[in-house]
Amino acid sequence: MKIIILGAGQVGGTLAANLASEHNDITVVDRDPERLRELQDRLDIGTVTGQASHPDVLERAGAADADLLIAVTNSDEINMIACQVAYTLFRTPTKISRIRSNAYTRVEKLFGNEGIPIDVFISPEELVTQYIKRLLQYPGSLQVLDFADGLVQLVAVKAYYGGPMVGNELAAIRDHMPTIDARVAAIFRRGTAIMPSGDTVVEAGDEVFFIAAKKNIMPVMSELRRLDTPYKRLVIAGGGNIGERLARAVESRYHVKIIERSYDRCRALSEQLSKAIVLHGSASDHDLLAQENIEETDVFLALTNDDEANIMSSLLAKRMGAKKVITLITNPAYVDLVQGGDIDIAISPQQITIGSLLTHVRRGDIYNVHALRRGAAEALEIIAHGDSRSSKVVGRRLDEIVLPEGVSIGALVRGEEVLIAHSHLQVEPEDHLILFLVDKSKIKLVEKLFQVGFSFF
C-alpha cells in the first residue's frame, strides 16, 4: 500500500520503520532535511522536504494515488489542515491524524464527513492518561494492557520474595486458584525472555506477564506478589496536557496534588479542577517536596515534557521517601537506563502511540497491537477468519496449530466469553486470539499463519 507519513519525529520515524518493513511504499514529509536524510539512510522509504499541509508538498509526496495519510507532526493545526487538503484535492481514502489538544478532541461534531475529514484521530495524551489510570488501578503492576474491548487484560508484575508463587512451578497456580483461569504468557528473567511451561519455576525478580479476564486480575496478582495497599495519595509533577487530564480523571478517587512551574498555568488548573490541590513551584525543589510530605506519597508521577527534569525530580522524590515513582520519558534511549532502579516505571508515549496507530492502520484482522517491555516483545489481538479449508487456524485445536518459535497463544475471546488458552480448545471463525511474541521479528510468520492481508479500511 502507498502510505504518506507527515512528520519525521519519534512517532513518525518509528511508524515508518514498522510499516516499511512490511513492504509498503512509504513517503515521509518533514521540514527538517537532516532528519529525513537520517531516516532514508536506514530505511527503504521516499522523503519530501516541506510544510506538510501545503498542497504542492502533498502532491510531490504522491497524495494523488496514496491509500493512506498519517499526520503526526507536532502541530494539531498542520495535521488537521493536511487531512483537509488531502481529502479536498486528492480524495485520499483514509486519513489518520494525531491531535494533542483536548480543546479539539472533546468536540464530537468537529470530525467526519460533515466536519474536518479525519477518519481516525489519535490523542497521545489521552492514550497515556488511560495507560496510567490502569497502572493506578492495579497497585504493583508494571504494565496493564486491554484486549477485546477490556474483557481481557494482560498484566506484568515483578515477583517478590514472599509471594506465594515464588519458588514454585507455574502449574501450582491452578492448585492455589482452582476456580480462576489464568495463563502466564511470558517471563523476563534478567532481561532474557523465557517461554513458560507448567514446570517453569518462578524466581524472585522475574517480570511475569499473565493474562486473565478483567475480573480475575487481582486474585492472580496476589499469587505472584504481596499485594500493594491501594494508592491514596498522588503527586503529579507537571500541569501540562497529560498532567491536567490525569488529575481530572482521578481527582475524585485519590488525594491529588499537582506541582507546576508556571504561575499562569497554576491559576488555570485551579479553576478547571474541582478537588486537586495545585502548587506553584519546581518538582525538583527539595524544600517544596519536604513541605508537602513527599514521604507520605503513594505515587509520584513526573509528567512534564522535559525528560531530564522528569528523571531528576523522580530520583529526588524516591530518595525522599515516595513509595512508587512513575516517569514519562520521550527519549527511547533513556527508558531502559532508568527503569527498575529508583524509577519504578518508565513510560514511553511513543510506544503507546505506535501501538494504537498500527491497530488502526491494519484492517480488522489485527485488532490490537501492544509493545511489551519497551518494544522488545509484542502482544497481538488477531481475528480468525475463514473456515477449516481456507485457514490454518480455524477449525483446529490449539495443540494442532504450528506456531513460530517464541510465539504463544494466551487467550481466545468468543463474543463476551473469555477462554484462557488450553490445548483442547478449538478455534472458531471470528474468534479473537491474543498472541505473545517474545521476538517481534516473528510477526511476519504470524501474519502468514493467519493469512492477514494488509489492506486498509
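Q: How many helices and strands does the protein chain have?
A: We're looking at a predicted model here. Counting along the protein chain gives 15 helices and 22 strands.

Q: What is the radius of gyration of the protein chain, and what would a compact globule have?
A: The chain has 457 residues, and for that length a compact globule would come out near 23 Å. The C-alpha atoms fill a box of roughly 65 × 65 × 40 Å along the principal axes. The chain's own value agrees with the globule figure: 23 Å.

Q: What share of the contacts with a separation of 6 or more comes from residues 24 or more positions apart?
A: Burial first: 56% of the 457 residues count as buried. As for the contacts at a separation of 6 or more, the share from residues 24 or more positions apart is 60%.

Q: Which strands are the edges of the open six-stranded sheet?
A: The strand order is β14-β13-β12-β15-β16-β17, with parallel pairing. An edge strand here pairs on one side only, and that picks out β14 (277-280) and β17 (345-347). Going from one strand to the next, the twist averages 20°.

Q: Which residue in β14 stands opposite I258?
A: Strand β13 covers residues 255-260, and four bridges tie it to β14, the two running parallel. I258 falls within that stretch of β13, and its opposite number in β14 is V278.

Q: What angle does helix α12 make with β16?
A: Helix α12 (residues 307-319) packs on the sheet, where it touches β15 (299-302) and β16 (324-328). Comparing its direction with that of β16 gives about 175°.

Q: Is E125 buried or exposed?
A: E125 sits in helix α6 (residues 124-137). Its relative accessibility is 8%, and the cut-off for burial is under 20%, so E125 is buried.

Q: Which residue's side chain makes a polar contact with that of E125?
A: Leaving out residues up to four places away in sequence, E125 touches R100, N241, I242 and R245. The polar contact between side chains spans 3.4 Å, and the partner is R100.

Q: How many of the ten residues of helix α9 are buried?
A: Helix α9 runs over residues 241-250. Its buried residues are I242, G243, E244, R245, L246, A247 and V250.

Q: How many disulfides does a search of the whole structure find?
A: C83 is buried at 0% relative accessible area, and C266 is buried too, at 7%. The search for disulfides comes back with zero.

Key: Residues numbered from 1 in each chain as written. Predicted model: local features only at pLDDT ≥ 70, side-chain atom pairs only at ≥ 80, totals over all residues. Heavy atoms only, no water. Pairing = 2+ DSSP bridges. Axes fitted to C-alpha atoms, helices over the stretch in contact; angles between N-to-C directions. Contact = heavy atoms within 4.5 Å. Buried < 20%, exposed > 50% of the residue type's maximum accessible area, 1.4 Å probe, protein only. Polar contact = N/O pair within 3.5 Å; in protein donor to acceptor, adjacent residues only side chain to side chain. Disulfide = S-S within 2.5 Å. Rg over C-alpha atoms; globule rule 2.2 N^0.38 Å.
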